[in-house]
Amino acid sequence: MKLIQILKLAVVPVMAVFSCLSTSNIALADYLNSEGAGGDYRYELWSSDDSSNYYLKIWSREASQESNPYNTTGNFTSSREALIYFDCNYAGKSLPECPK
């Protein structure tokens, strides 16, 4: 009988810790930071919960708001980097930061 009580005392706290850790990972969400347009395209700039990763959802300017994105690009380390990418590759701007 004591072995069962000892196991209960050990298993319950361990399961509670694992439950909390998995819940915190599930609760992470992405956030819409900004929206804009340039050239024939419009974008939404999204970031991870901790703002360590940014990505763009890009649509044709004529596409409806409810349609799936034309393209989704990710893994930018800053919002600035993501917006420069959009300006150079979709908006047709000629910025000093654009690759030649």
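In this predicted model, strands S1 (residues 31-38) and S2 run antiparallel and are joined by seven bridges. Within this pairing, Gly36 has Tyr43 of S2 as its bridge partner. Gly38 is bridged to Tyr41 of S2. The two strands make a hairpin, with two residues between S1 and S2. Gly39 sits in that turn and has a positive phi of about 60°.

S2 also pairs with strand S3 (residues 54-60). This pairing is antiparallel too, and seven bridges hold it. One of the bridges pairs Ser47 with Tyr54 in S3. S2 and S3 again form a hairpin, here with six residues between the strands. In this turn, Ser51 has a positive phi of about 60°.

These strands belong to a protein with two helices and four strands. Along the sequence, the elements follow the pattern α-β-β-β-β-α. The protein has 100 residues, and 23% of them count as buried. Contacts between residues at least 6 apart in sequence were also examined. Of these, 22% join residues at least 24 apart.

S2 itself is mostly covered, with six of its seven residues buried. Arg42 lies in this strand, which spans residues 41-47. Arg42 is buried, yet the residue has no salt bridge. The nearest side chain of opposite charge belongs to Glu44, 5.5 Å away. A salt bridge requires the charged atoms to be within 4 Å. A polar atom of the Arg42 side chain does lie 2.7 Å from the backbone oxygen of Ala63. Beyond its neighbours within four places in sequence, Arg42 is in contact with a set of residues that includes Gly36 and Ala37. Lys57, Ile58, Trp59 and Ser60 are also among these contacts.

The loop between S2 and S3 contains Ser52. Ser52 is partly exposed, with a relative accessible area of 44%. Its side chain makes a polar contact of 2.8 Å with the side chain of Asp50. Leaving aside neighbours within four places in sequence, its contacts are Phe76 and Thr77. Ser52 and Phe76 are 24 residues apart in sequence, and their C-alpha atoms are 8.4 Å apart in space.

Helix H2 comes next. Its buried residues are Ala82, Ile84, Phe86, Asp87 and Cys88. The cover over these buried residues includes S1, S2, S3 and strand S4 (71-76).

The torsion about the S-S bond is about -90°, so the disulfide is left-handed. Cys88 lies in H2 (residues 79-89), while Cys98 lies in the segment after H2. The pair therefore ties together parts that are 10 residues apart in sequence. Cys88 and Cys98 are both buried. A disulfide is a covalent bond between the sulfur atoms of two cysteines.

Two salt bridges were found in the whole structure. In one of them, Glu97 pairs with Arg80, and the closest N and O atoms are 3.1 Å apart. This pair links distant parts of the chain, 17 residues apart. Arg80 lies in helix H2, and Glu97 in the segment after H2. Glu97 counts as partly exposed, at 40% relative accessibility. Arg80 is exposed, with a relative accessible area of 54%.

Another salt bridge joins the side chains of Asp87 and Lys93, at 3.9 Å from N to O. Asp87 has a relative accessible area of 18% and is buried, because buried means under 20%. Lys93 is partly exposed, with a relative accessible area of 45%.

How values were computed:
Residues numbered from 1 in each chain as written. Predicted model: local features only at pLDDT ≥ 70, side-chain atom pairs only at ≥ 80, totals over all residues. Heavy atoms only, no water. Buried < 20%, exposed > 50% of the residue type's maximum accessible area, 1.4 Å probe, protein only. Lys, Arg positive; Asp, Glu negative; His and termini not counted. Polar contact = N/O pair within 3.5 Å; in protein donor to acceptor, adjacent residues only side chain to side chain. Contact = heavy atoms within 4.5 Å. Pairing = 2+ DSSP bridges. Disulfide = S-S within 2.5 Å.
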